[in-house]
Amino acid sequence: MRILAVVFLLMPLHAQADGVIDRVVDEFALPAVAAFAERAEALNEAAKSTCAAEHPALRAAWNAAMDAWLGIQDLRFGPLEDAARRQAIAYWPDTRGHRERALSRILSGQDPILTTPDRYNQEPVSARGLYAIETMLYDPDFNHYGPSDPGCLLVRAASADLAAIAAEVHNEWQNEFADVMRTAGEPSNTRFLDSTEARQAVFTALLTSIQFDVLERLGLPLGTFDKPRPLRAESRLSGRSQRNLELSLAGHDRLARALVPDAAANVVTREDFERIGWMAAELDDPDFSGVENPIRRFRLEALQSAFALLRSEMNRELSAALGVTMGLNALDGD
Amino acid sequence: MLRSCIILVTTFGASVSGWASDRAQVVETYSDIAEAAYSDSLTMARQLQAAVDSLIASPSESTLDAARSAWLAARDPYMQTEVYRFGNPIVDDWEGKVNAWPLDEGLIDYVAAGYFGAGENELAELNVIASPRFALSGREIEADVITAELLSDVLQEAGENEANVATGYHAIEFLLWGQDLTSNAPGAGQRPYSDFVVGEGCTGDNCDRRAEYLNVATDLLVSDLEWIAAQWTDGGAARSAITTDPDAGLAAILTGMGNLSYGEMAGQRVKLGLILNDPEEEHDCFSDNTPNSHFHDVLGIQNVYRGQYKRIDGSVVSGASLRNAISEVDPNLANTLDHEISETLQAADALRARAADGMSYDMMLQVGNDEGKALINSLIDGLVAQSRSIERASAALDLAGVVLEADDTLEGAGDVFQ
């Protein structure tokens with residue numbers, strides 16, 4: 001018996017089912033990537049039936065796809081991080097003006113890609129994805145195309161490309177990566193050597209996403225008091241900067257609850273989510289142009305502080321509850 | 001002073017009680033390498049300064065070539081110091097003076113038609129070399145003489161725009177090469193030496209001011225490197241910061257390696273150029289030196305990991321290393337990370353080889369260049385793989401959470417609102 005016990009101790013510890021990971025996969029990731037794939041395909045269908053920039057059905061389909069993206073943006077590990085899919089879907093911010101240059105180049109015919117739209121995935125990320133389509137639908141410099149113009153072909157090509165990436169992400173999550181997460185720590189799993197690594201990946205992704213809200217979604221348009229940058233607000237063209245922020249926050253909240261469902265283990269985090277959700281909903285500043293108005297600016301700055309505090313509280317509470325600390329952050333570097 | 005040569009080979013078989021002193025030796029080696037590499041960077045910058053002086057004194061093909069060669073040689077040791085950026089606030093706060101990038105070069109000098117600056121940069125086409133007077137945020141600036149103050153205090157990040165880079169390696173690179181207007185064939189920027197000929201024969205106009213600018217920018221590079229090299233000498237602030245608490249020092253080493261690998265290179269510098277297919281996103285875009293600069297970035301990571309740096313004079317600085325420290329707790333991990341860094345270095349070297357063989361980096365970035373894409377992707381994959389091991393190393397060394405030592409935003413409001 002004694003020998004047996006020793007042998008048992010020497011055997012590698014097989015991964016135990018990790019409730020945290022199961023919840024993240026089943027309650028957060030899989031439904032969200034399925035919804036995104038569905039909305040992206042609906043956008044593709046809508047664009048096939050009409051590419052008219054101001055057509056309500058096309059705009060509604062684009063908005064629904066954008067909403068669904070904000071539900072998966074926190075998945076900063078796995079399929080969205082492979083093959084630069086995150087950037088292909090959502091290349092933003094673009095403070096150096098890559099998008100307009102890339103779209104202009106294609107529309108001017110310098111690049112014959114529109115004759116082979118199925119190869120649109122070869123194009124630079126600045127010409128692909130949700131924000132490129134947003135520019136085509138909402139930017140007055142781009143949205144005056146007719147049904148036989150290159151603009152129409154571009155919207156269709158970009159929508160089809162987006163639907164294809166969304167389907168890939170869905171497929172890989174469902175058929176591969178969900179298992180990679182669930183089998184963290186098993187000998188065959190080289191991605192996550194133990195379940196702590198899988199937890200850490202999720203935890204790091206969540207904190208990184210909140211940092212993105214602080215530094216980019218809010219920080220970019222806020223600029224400095226002397227130099228606010230309203231033109232840098234995300235989705236300013238479609239007038240949904242505030243909506244993006246609210247949906248981003250709602251996504252973080254869902255992911256945090258999947259990570260730590262026990263309210264008692266993250267009291268402050270929960271309070272913060274509730275308070276910030278209310279603050280964001282009350283902004284009444286759809287495109288963040290308020291950064292230039294002292295009073296409205298103050299609200300946005302307060303919201304930014306609140307996001308930063310949320311992140312810091314969450315770091316403390318969730319780190320303790322999950323037994324992990326933050327790993328490398330993709331936003332570090334510049 | 002470089003002490004760690006003497007204490008090499010002391011860490012093997014150390015007991016747990018010996019950890020503290022071993023870790024102290026690791027951070028000493030790390031500081032010694034920093035001191036040596038910054039000092040080498042300074043030496044090479046002084047050689048660049050001498051070459052620039054000759055170019056300005058007698059502009060010709062050969063003096064311009066010599067200045068370009070000196071710039072290229074100066075990049076090699078400097079890029080090996082980039083691993084010190086993250087994790088060392090003293091370095092991070094300073095490095096923008098010397099290596100800020102990407103830049104709107106139209107701020108500095110003439111550019112070709114069709115040039116685009118960054119969005120919202122009203123100075124993107126200032127061309128200060130042609131503008132002895134200009135308006136900046138409603139203020140009239142007199143720039144009759146091009147001075148260090150003009151570059152550092154007025155133009156650098158003017159208008160709160162990071163694309164306004166007036167100083168450092170890349171500003172000098174632009175002055176030596178000019179814009180690289182060919183991205184579908186080999187060939188860097190083609191600035192003629194006559195751009196520096198004062199009086200008759202001057203091309204590009206304002207040759208005197210161009211020479212003045214180049215001279216001031218090169219002097220600034222030298223003085224900035226003098227400053228940082230001094231921070232790593234005995235009693236220097238950067239050395240003290242890293243050696244006071246060896247555990248925190250090890251954490252900073254991992255942070256530097258991890259953030260350079262992941263956030264900076266794999267996430268931004270290498271990846272963005274590729275997925276944007278934009279030669280403007282090439283790190284050394286005027287000189288086409290990017291493969292070399294990536295290579296030396298990775299070599300710097302290896303230096304720090306192995307506790308060994310080969311100086312420009314061929315001598316070697318070495319001592320107790322991070323690798324030793326990890327070996328004590330997890331030899332497999334230590335070997336894996338070492339192997340991964342070697343693979344990444346090979347991937348970067350493959351870029352150099354292909355560039356030497358006729359496919360310059362900007363050609364690799366072209367839409368539809370599958371071979372170039374594969375070459376660059378293999379560098380990115382290597383960087384990501386080694387990042388995971390760097391994260392694991394922090395756990396193995398019981399330094400969990402270290403990687404966010406540099407993450408001020410986690411401390412609440414903090415630096416977020418700068």
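Colleague: What share of the 334 residues in chain A is buried?

Modeller: A residue counts as buried if 20 or more other C-beta atoms, placed from the backbone, lie within 10 Å of its own, as exposed if there are 12 or fewer, and as partly exposed in between. In chain A, buried residues make up 51% of the 334 residues. Please note that this is a predicted model, in which local features need pLDDT of at least 70 and side-chain atom pairs count only at pLDDT 80 or more, whereas totals for chains, interfaces and linings use all residues. Residues are numbered from 1 along each chain as its sequence is written, and chains are lettered from A and ligands numbered from 1 in the order in which they are written.

Colleague: How many helices and how many strands are there in chain A?

Modeller: Both are DSSP runs numbered from the N terminus: a helix is H or I over at least four residues, and a strand is E over at least two. Chain A has 11 helices and 0 strands, and its pattern along the sequence is α-α-α-α-α-α-α-α-α-α-α. With the radius of gyration taken over C-alpha atoms, and the globule rule being 2.2 Å times the number of residues to the power 0.38, chain A has a radius of 22 Å, close to the 20 Å given by the rule for 334 residues, so it is as compact as a globular protein of that length. The C-alpha trace of chain A spans about 80 × 50 × 35 Å along its principal axes.

Colleague: Which domains does the assignment give for chain A?

Modeller: Domain bounds come from an automatic or database domain assignment. For chain A it gives domain 1 (19–182) and domain 2 (197–325), and their C-alpha centres lie 23 Å apart. Two residues are in contact if their C-beta atoms, placed from the backbone, lie within 7 Å. Contacts link 22 residues of domain 1 of chain A with 26 residues of domain 2 of chain A. On the side of domain 1 that touches domain 2, helix 2 (19–49), helix 3 (56–70) and helix 6 (129–138) of chain A each give two or more residues, and helix 2 gives the most, with 6 residues. That side of domain 1 divides into 11 nonpolar, 4 polar and 7 charged residues, where Ala, Val, Leu, Ile, Met, Phe, Trp, Tyr, Cys and Pro count as nonpolar, Asp, Glu, Lys and Arg as charged, and the others, Gly among them, as polar.

Colleague: At what angle do helix 2 and helix 9 of chain A pack?

Modeller: Axes are lines fitted to C-alpha atoms, for helices over the stretch in contact, and angles run from 0 to 180 degrees between N-to-C directions. Helix 2 and helix 9 (residues 241–259) of chain A pack at about 145°, with their axes 8 Å apart. Helix 2 of chain A gives A:Val20, A:Arg23, A:Val24, A:Glu27 and A:Phe28 to this contact, and helix 9 of chain A gives A:Arg254, A:Leu255, A:Ala258 and A:Leu259. The contact residues comprise 6 nonpolar, no polar and 3 charged. As a general idea, an α-helix has 3.6 residues a turn, so residues three or four places apart point the same way.

Colleague: Why is helix 6 of chain A described as largely enclosed?

Modeller: Of the 10 residues of helix 6 of chain A, 9 are buried, so the helix is largely enclosed by the rest of the structure. Among those buried are A:Gly129, A:Tyr131 and A:Glu134. The buried residues of helix 6 pack against helix 3, helix 4 (85–89), helix 5 (98–107) and helix 7 (150–182) of chain A.

Colleague: Which peptide bond in chain A is cis, with omega near 0°?

Modeller: The bond from A:Trp92 to A:Pro93 is cis, and A:Pro93 is found in the loop between helix 4 and helix 5 of chain A. In chain B, a cis peptide bond joins B:Trp101 and B:Pro102, with omega about -10°.

Colleague: Is A:Asp284 buried or exposed?

Modeller: A:Asp284 is exposed, with 9 other C-beta atoms within 10 Å. Its phi is positive, about 55°, although A:Asp284 is not a glycine. A:Asp284 is found in the loop between helix 10 (267–281) and helix 11 (294–322) of chain A. B:Asp288 also has a positive phi, near 60°, but B:Asp288 counts as buried, with 23 C-beta neighbours inside 10 Å.
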